[in-house]
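Hi,

Here is the structure I promised to pass on. Have a look at it first, and then read my notes below.

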Amino acid sequence: MEFFYDVIVIGAGHAGCEAAAASANMGSKTCLITMDMNKIGQMSCNPAIGGIAKGQIVREIDALGGYTGIVTDRTAIQFRMLNRSKGPAMWSPRAQCDREKFIWAWREVLDNIPNLRIWQDTVDELLVENGEVTGVRTVWGVVFHARCVIVTAGTFLNGLLHVGRVQLPGGRMAEPASYNLTESIARHGITVGRMKTGTPVRIDKRSVHLDEMEIQDGENDFHSFSYMSEPRKLKQLCCWTCYTNPEVHRILREGLPESPLYNGQIQSIGPRYCPSIETKIVTFPDKEQHQLFLEPEGETTNELYLNGFSSSLPMEIQLEALRQVPAFRDIAVYRPGYAIEYDYFDPTQLRHTLESKLVKGLFLAGQVNGTTGYEEAAGQGLVAGINAHISCHGGEPFTLGRDEAYIGVLIDDLVTKGVDEPYRMFTSRAEYRILLRQDDADMRLTERSYRLGLASQERYYHLCRKREKIDEIIALTKAFSIKPALINGTLESLGTTPLAHGCKLIDLIGRPQITLANMSEVIRPLGALIGDIAERKEEIVEAAEIKIKYQGYIEREKMIADKMQRLESIKIRGRFDYNELQSLSTEARQKLTRIDPETLAQASRIPGVSPSDINVLLVLLGR
């Protein structure tokens, strides 16, 4: 059998779902090939979306017309805005989701996209002619012809599971690995490596003494992931916290000879920022306790996820150690924690569109590029899906700058610096994080997506209305003069210094104790303006207030970003034979040749390329 499509997507994880949805919604005839249609959008580890910097990525995906935020809001059983004690550049949404409902919410989305078909099968060969993708072949011998192929195979490529000394092939627990596809891709010169990740034990809620744990409640205000979402519909649940203790650590330490991480069984590199419990006790030998979070897997199930106790130790050691925690003394589990090793491809061999530099029409997204996390994968999938459609039908490649989106930072880091361990996004990786706040992702990105034909007319309408109302609020605060007699009593009651002279309202809003909400109670025109906002009132007021309070910081960061943009505009790909430039350092010649940066700014971010090397290139360019 043979089939003909514009775009084939291999793998229906978070990257694959977003990639397939994007290319199909833009008009490409798309086929999503997955091993199991009942595991589409499966959350292999914690059934949670968002977190520090990751939440910002999901807001960006949503602003661009992707679905991760919508699916998360539909299936959330707890929502929290992290980092509220810090400035809004650090605020990060996070939601615990119902694992099974998340899968079926994604399935419902994909089933209703007109240009998208789903095929249950396993791809084992990439078809290439004259350096260009022509399609794929599956284990059942089915050939799919396509102009572009997006590989989003997650941890399934030659996946190997570890629990103690027991090793089993698999892409996830109880799911088969994918074979031959790695080798089929690598034969075209694409570099392959191995990485490792892991997941914790799953616990039966009925066996836990929850009354001995600290409750962690969620929040039920207006915040959500999607700019288009309705209020959360599922029952909102709590989580619980507790701590390990020296006795737990003693048992784990004595079990280290049986740990695949420490007996030589696992050679690949695991995630630095999500370490196993055995890695924690080795890295921090003097620390007497580590915090654990017990989180629900769904609205109606007794299955709980133990965040903070990822492990590949033998089952009996995991259980013995956990039973030393008082609340877990009678613990019963559904399955042990395990580690998994899998193949990934060197992301420096990709362009910023996520297309391979070596094989035309081949795109890679997600954990196959060396990242970790559903959100990082979904962001890459969206960009790959957009660019695969453009590759098929024409148009300017779609890329995101480091000053435009966390997704832009993520992809630039991957293709410029590469990875030597699983990559995880943090706010600290973004030099322009004041510009990349979670509250204004739609302001940054939705118009671009609308011009592409991805964001809907309804979404664009909401953006225009929101921008109009924010501008009205800010204009009023700039124009409205405050007299001390009107406001001083309120200022004193709020614990802030009274006015000696009149001022504009915008100057008052800059104070920490002052908000648009408390000013709207005493300033009638402001109260009337806010009161007339029919939709998304809280979201609009919060966005306006952030713009007012942080105006100076935002403008300063924009100036810095604009200066760097000058280097971004200097194209250098194809202009130099770096090996011939003896005035560059040896390391710079090697790195520039291997990565072949698009712009001078990208060259400046390559590790090993010094400012003096950049100056040499500027001189040679006649700048």
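**What I found**

Asn158 is found in the loop between strand S9 (143-151) and strand S10 (160-163); helices (H or I, at least four residues) and strands (E, at least two) are DSSP runs, numbered from the N terminus. Before going on, please note that this is a predicted model, where local features need pLDDT of at least 70 and side-chain atom pairs count only at pLDDT 80 or more, while totals for chains, interfaces and linings use all residues. Residues are numbered from 1 along each chain as its sequence is written, and side-chain values use heavy atoms, with hydrogens and water left out.

Is Asn158 buried or exposed? Asn158 is buried, with a relative accessible area of 16% (buried means under 20% relative accessible area, exposed over 50%, partly exposed in between, with a 1.4 Å probe and protein chains only).

Arg536 is another non-glycine residue with a positive phi, this one about 55°. You'll find Arg536 in the loop between helix H16 (524-531) and helix H17 (537-549), and at 23% relative accessibility it counts as partly exposed.

Ser276 sits between helix H6 (246-254) and helix H7 (277-283) and is buried, at 2% relative accessible area. Neighbours within four places in sequence aside, Ser276 is in contact with Leu261, Ser310 and Ser311 (contact means heavy atoms within 4.5 Å). Cys238 is in the loop between strand S13 (214-216) and strand S14 (239-243). Not counting residues up to four places away in sequence, Cys238 touches Gln78, Ile215, Gln216, Asp217 and Pro296. From the C-alpha atom of Cys238 to that of Glu288, 50 residues apart along the chain, the separation is 26 Å.

**Helices**

Helix H11 (residues 441-452) and helix H12 (residues 457-479) pack at an angle of about 140°, and their axes are 10 Å apart. Here the axes are lines fitted to C-alpha atoms, for helices over the stretch in contact, and angles run from 0 to 180 degrees between N-to-C directions. On the H11 side the contact is made by Asp442, Met443, Thr446, Glu447 and Tyr450, and on the H12 side by Gln457, Arg459, Tyr460, Leu463, Lys466, Arg467 and Ile470.

Which residues of helix H19 (residues 586-595) are buried? They are Ala588, Arg589, Leu592 and Ile595. Seen down the axis of H19, these buried residues fall within an arc of 155°, so they line one face of the helix; the arc is that of the directions from the helix axis to the C-beta atoms. The buried residues of H19 pack against helix H10 (406-417), helix H20 (600-604) and helix H21 (611-620). After H19 comes Asp596, whose phi is positive, near 50°.

**The whole protein**

There are 21 helices and 21 strands in the protein. Its radius of gyration is 26 Å, close to the 25 Å that the globule rule gives for 623 residues, so the protein is as compact as a globular protein of that length. That radius is taken over C-alpha atoms, and the globule rule is 2.2 Å times the number of residues to the power 0.38. The C-alpha trace spans about 80 × 70 × 50 Å along the principal axes. Of the 623 residues, 58% count as buried.

Cheers
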